[in-house]
Each structure stands twice: as C-alpha cells, then as structure tokens.
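Hi there,

Here is the structure I said I would pass on.

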Amino acid sequence: MSRLEEITAEGVFIITEVGCNFEGDFGRAVEMVHATADAGADAVKFQTFVAERLASRSAEKFWEIEGCPGRTQLDEFRQMPSLSADEYLRLKETAEKRGLVFFSTPSDEGSADLLEEVGVEMYKISSMDITHLPLLRHVARKGRPVIISTGASTVGEIDEALRVMADEGNTDVAVLHCTSNYPTEDRNVNLRMISHLKEVFPHVPVGYSDHTLPEDGEGIIASAVALGARIIEKHFTFDNTRPGYDHEISVDYQGLTRLVRQVRRVEEALGEAFKRPVESEARARLHARRSIVAAVSIPRGAVLTREMLAIKRPGTGIEPRFLDVVVGRTASTSIEEDAVITWEML
C-alpha cells in the first residue's frame with residue numbers, strides 16, 4: 001500500500017491551503033499552522049515559486065481579484081510573499097510537533113529542490129502544471145507522495161501525467177477534482193466528476209480541491225466526501241474579508257473548524273456499503289416490526305382461519321409474511337386473545 005493509500009484509508013485527509021494568505025508575515029504563517037491543527041485538519045500546505053520562473057513579461061492576468069497587485073502575472077507574482085528555506089524548515093517543525101503533514105506546491109524544479117532540502121513529506125502539483133511534464137518527472141524522482149490537482153484538465157492529460165510519474169518509478173500519486181476559476185459557482189463545481197475519476201483511475205486515491213465561497217462551500221465539500229473524495233483541500237486564511245490573494249474563497253479559523261467537523265460527521269455517517277440491519281436497529285427490528293397475533297381466543301386443536309388472526313407489534317413472533325402458511329394450521333395449545341403467536345403454538 002502506498003503512503004497516500006495508507007493515509008486516505010485512515011480517514012479523509014484534510015489539507016489547508018495557506019498559499020500566500022499569510023501576506024508575508026511569518027508569525028502569521030506560524031499562527032495558521034497552529035490554527036490548522038486546532039481545527040483538527042491533517043495537513044498544511046504553502047506555495048513555492050520564483051516569479052521570473054513562473055510567468056513571462058507577456059503573461060496577461062486572466063482574472064481580476066480585487067486587491068491583487070500588478071498589471072501582469074509577473075507583476076503580481078513578484079509582489080506575492082515568499083519564504084526562505086529556514087522559514088520553511090521552522091514551519092515544518094511546528095507542523096510536525098502539532099501532528100500535521102507539512103508540504104508545498106513547487107512551481108519549478110528549483111523550488112522542488114528547495115522543498116526537498118527542507119524535507120517535506122509530499123508534494124503538490126497545481127492544476128495548471130499538469131502538462132508541465134519536465135516538472136512532473138523532476139518531482140517524481142524525489143520518491144515522495146504527489147498530489148495532483150486536475151482543474152481544466154482532460155482525462156487524457158491526467159492519464160499522461162500519471163504515466164509520466166510511473167515511468168519515473170513513482171506510483172504514490174493522488175488526483176484531486178477541482179474547477180479552476182475563483183470563486184467557483186455551484187453550477188460549475190461538477191462533483192460528479194469525482195465519481196468519473198474514481199471509475200477511470202481506480203488505482204489512485206481521488207479527492208476534491210474546493211474553490212467555492214466559504215459560506216457556500218461546506219455543504220459542497222460534505223457532498224464531495226459522500227461521493228467518495230478521500231482528500232479535501234480548502235484554501236485557508238486568517239480573515240476572508242481581506243482583499244487580494246485567495247482570501248475570498250478561503251475558510252477562516254472558525255470556518256475550518258466547522259468544515260472539519262462536518263467532514264468527520266459525513267465520513268462517520270457513510271458507514272458500511274453493504275445493506276443489512278445494523279446493531280443499533282436491533283431493538284426496532286424486534287419491537288417495532290409486527291407479528292401474527294390472535295384476534296380472538298383460540299382453543300387447543302382449533303384450525304386457524306384468517307378471521308382468528310391479526311397483525312400487530314411486536315416482532316417477536318411469526319412474521320406476517322408467513323400468514324398464508326399459518327392459516328389452516330392447528331393450534332397445539334390454547335392461545336389467548338392478542339397473544340403473539342409462535343411456531344411452538346402450532
């Protein structure tokens with residue numbers, strides 16, 4: 001069993017995506033790691049990039065988020081906060097002390113190498129890099145678990161990404177369904193794609209990365225778990241009323257606590273897949289189901305007719321489905337009116 005299969009077998013793996021929402025304040029980043037643990041999530045993730053290796057000068061911004069700086073993608077990424085290797089290491093140590101998995105999304109090979117020096121447990125590949133096969137190969141060779149988001153991707157592109165990873169000897173991979181627009185409206189979430197991914201790629205864990213507004217997303221995330229998502233990733237912030245970055249689509253500290261609680265409830269409520277009576281239903285099955293009872297006093301030796309019989313609670317006697325079998329039988333003992341009839345009485 002791969003590490004990701006092992007992790008997701010233990011329960012839904014909940015990741016907070018801090019990204020750049022700490023706004024360059026390292027103390028805030030530490031606080032958000034602690035808040036992730038306090039809420040009961042399993043992992044905390046950041047983003048690791050170098051603006052000049054991510055976007056060219058001609059890369060236009062493809063959506064406008066209020067408060068995000070710059071006229072081009074390069075302008076924007078240049079002004080976004082980054083962390084040093086030492087800061088990553090300190091965050092990792094904090095996370096591990098709190099029982100969290102710490103990792104990040106590298107946007108280039110050098111960033112992946114930095115994270116490897118830090119000793120992250122796993123890597124994330126963003127949706128927009130699913131066709132960046134050189135990066136996938138480079139990350140795959142690290143030999144660590146890799147989670148790949150699949151926003152705006154075709155099945156063929158996902159399959160190619162998985163094959164490239166496997167060719168490098170890394171099959172410890174999971175895929176996340178998501179929709180790559182911010183915020184995602186309900187009509188664009190397409191949760192049924194989770195079921196499709198599970199069908200097409202049965203050998204890898206499948207999860208869901210959510211980009212809906214936080215006030216709308218809790219029920220959607222719970223539904224994703226009900227559809228079989230084994231990993232949940234949600235953007236995380238200290239204040240989702242802040243402008244810029246990913247604040248608008250992120251849950252805050254209280255929202256994360258609610259989200260984790262709801263995911264755990266749904267996870268527990270999913271229970272068994274095989275339909276059968278469960279232990280908690282035993283009393284209802286015995287006392288709220290019905291039995292064949294005597295509608296009148298029945299003397300010993302009498303041949304039972306339909307008029308002598310009624311169907312009432314509890315279910316401790318002969319089941320109503322045997323009514324036609326009971327009619328025509330002879331009473332082997334006297335049966336009082338309203339008594340529950342058992343096979344021993346016939």
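This is a predicted model: local features need pLDDT of at least 70, side-chain atom pairs count only at pLDDT 80 or more; totals for chains, interfaces and linings use all residues.

Residues are numbered from 1 along each chain as its sequence is written, and side-chain values use heavy atoms, with hydrogens and water left out.

Let's start with the nonpolar cores (sets of buried Ala, Val, Leu, Ile, Met, Phe, Trp, Tyr and Cys residues joined through side-chain atoms within 4.5 Å). Buried here means under 20% relative accessible area, exposed over 50%, and partly exposed in between, with a 1.4 Å probe and protein chains only. The largest core has 76 residues, and Phe46, Ile147 and Tyr208 touch the most other members. Helix H2 (residues 26-39) gives this core its largest share, 7 residues. Helices (H or I, at least four residues) and strands (E, at least two) are DSSP runs, numbered from the N terminus. Another core, of 14 residues, lies apart from the largest one and includes Ala302, Leu304, Ile318 and Met345.

Next, helix H6 (residues 109-118), whose buried residues are Ser111, Ala112, Leu115 and Val118. They sit on the same side of H6 because they cover an arc of only 110° around the axis, taken from the directions from the helix axis to the C-beta atoms. At the N-terminal end, Asp108 caps H6, with a side-chain oxygen 3.0 Å from the backbone nitrogen of Gly110. Just after H6, Gly119 takes a positive phi of about 90°.

A polar atom of its side chain lies 2.5 Å from the backbone oxygen of Asp246. Leaving out residues up to four places away in sequence, Ser250 touches (heavy atoms within 4.5 Å) Asn21, Pro214, His235, Phe236, Thr237 and Asn240.

Leu323 counts as buried because its relative accessibility is 12%. With residues up to four places away in sequence not counted, Leu323 touches Ile292, Arg306, Leu309 and Ile311.

Best wishes

Definitions and conventions: A polar contact is a pair of N or O atoms within 3.5 Å; within protein, one must be able to donate a hydrogen and the other to accept it, and residues adjacent in sequence count only if both atoms are side-chain atoms.
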